[in-house]
Amino acid sequence: QKRALYAEARVLRAYMTFMMAQFFGEPYNAAKAETSLSVPIITKAATVGNDFTRRTMKDVYDFVITEMTQAIPDIPLRKEHHLRAFSVTANAMLGRVYWTMGDYENAVKSLGTAMEQLSLVGCGLLDYNTMEVEGEIAYPVDDLLNPELIYNVESMSNIWSSMYPSYYGSVLLYLKRDVLKSHYTKSDLRLCFISGLESGVTAYKKFNNTDTYYINLSKFVGNIGITVPDLYLMYCESLARTEEYDTARTLLEELRKTRISGDDYMVDAADGDDLIKFIVAERVREFVGYGNLWFDMRRLWSDPLFEFMKEFYTHTDGEQTYTLTEERLTMNIPPQITA
């Protein structure tokens, strides 16, 4: 039991270090890994002291991978509580690290292990075709969602839930009309989480048709943290990147079948590159409003397959125009933290 608790702590500490690097370190680049400074590696609990030293990108990612790899064997296959990490979560976290680095062969191994463990711990995909709406919360008919726990069957580890209390009481995230037109079809049930848009699907209560499109944040209930759809899509992309196209397509269609009404869930991709682009576009559809796109923008910034995405990185506010530049992919550590 002690080894299990110690291992869980190591995995979560490593993952939080990795997440810090996604904000305050440059996007992973093997050519710059030994020179680019990332975040400090903190291994001792302390409430005082400001002598933290930023470590190189290589140091940080080596630390994260080593900690997780050594700890995972001691984490049992359990599901004691939705705020805890367990074996499937840890493998998915390690797979995310490899996937972020572009090490898709190792990502396939870790994510594949997590996929194999899903059915053993009661995690899986919610079928949106069977969900109903009461008030502003979408419930599956078979009561798989328990809002009192802020948990559902797609949540592998809801470790972020206490960090985002505002998500459950307000609607603040707006969506560009061209994103709706370019990414969603009318048969996509995920449209029912976007207020102001008439989806024409009877499985949900329809929202009024208005000119304002915003995300109904009830979709966040139970799906903050490591989720089954995220695991599916990371695994599908890693498979496609390693030329296992048939398996990637099959799993992608398995996911889409739970999101799409009718037979429109089939994947239309002419070749491997098109399949990879389709999977990334599916991430946009699945995670609109979650903030996940930030990590994809960093990860894919220098990928020649996704140069076209940068045309969406310019926004206009009145007469002011703002374009995302590469240096802004790395945030400054706040002065109050370094003081």
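Start by selecting Glu-307, which is partly exposed, with a relative accessible area of 41%. Here buried means under 20% relative accessible area, exposed over 50%, and partly exposed in between (1.4 Å probe, protein chains only). Before you go on, note that this is a predicted model, in which local features need pLDDT of at least 70 and side-chain atom pairs count only at pLDDT 80 or more, while totals for chains, interfaces and linings use all residues. Residues are numbered from 1 along each chain as its sequence is written, and side-chain values use heavy atoms, leaving out hydrogens and water.

Glu-307 and Lys-310 form a salt bridge, with their closest N and O atoms 3.0 Å apart. The term stands for a side-chain nitrogen of Lys or Arg within 4 Å of a carboxyl oxygen of Asp or Glu. The structure holds 21 salt bridges.

Next, select Glu-154 and Arg-259, whose side chains meet in a salt bridge (2.9 Å, N to O). This one ties together distant parts of the chain: Glu-154 is in the loop between strand 2 (137–140) and strand 3 (155–157), and Arg-259 is in the loop between helix 7 and helix 8, 105 residues apart. Helices (H or I, at least four residues) and strands (E, at least two) are DSSP runs, numbered from the N terminus. Are these two buried or exposed? Glu-154 is buried at 0% relative accessibility, and Arg-259 is buried at 0% too.

Move on to Asp-230 and Arg-283, a salt bridge with its closest N and O atoms 2.9 Å apart. Asp-230 sits in helix 6 (residues 228–241) and Arg-283 in helix 8, 53 residues apart. Asp-230 is buried at 2%, and Arg-283 is buried at 3%. To see what else they join, select the salt-bridge network of Arg-96, Asp-230, Glu-237, Arg-241, Arg-283, Asp-296, Arg-299 and Asp-303.

Time for some rings: pick Tyr-15 and Phe-18. They form a tilted aromatic pair, 5.8 Å centre to centre with 35 degrees between the planes. Rings of Phe, Tyr and Trp (its six-membered ring) pair if their centres lie within 6.5 Å; planes under 30 degrees apart are stacked, over 60 edge-to-face, and the rest tilted. Because they are 3 residues apart in helix 1 (residues 2–24), Tyr-15 and Phe-18 are separated by about one helical turn. Tyr-15 is buried at 2%, as is Phe-18 at 2%.

Finish at Val-267, in the loop between helix 7 (245–257) and helix 8. Val-267 is buried at 9%.
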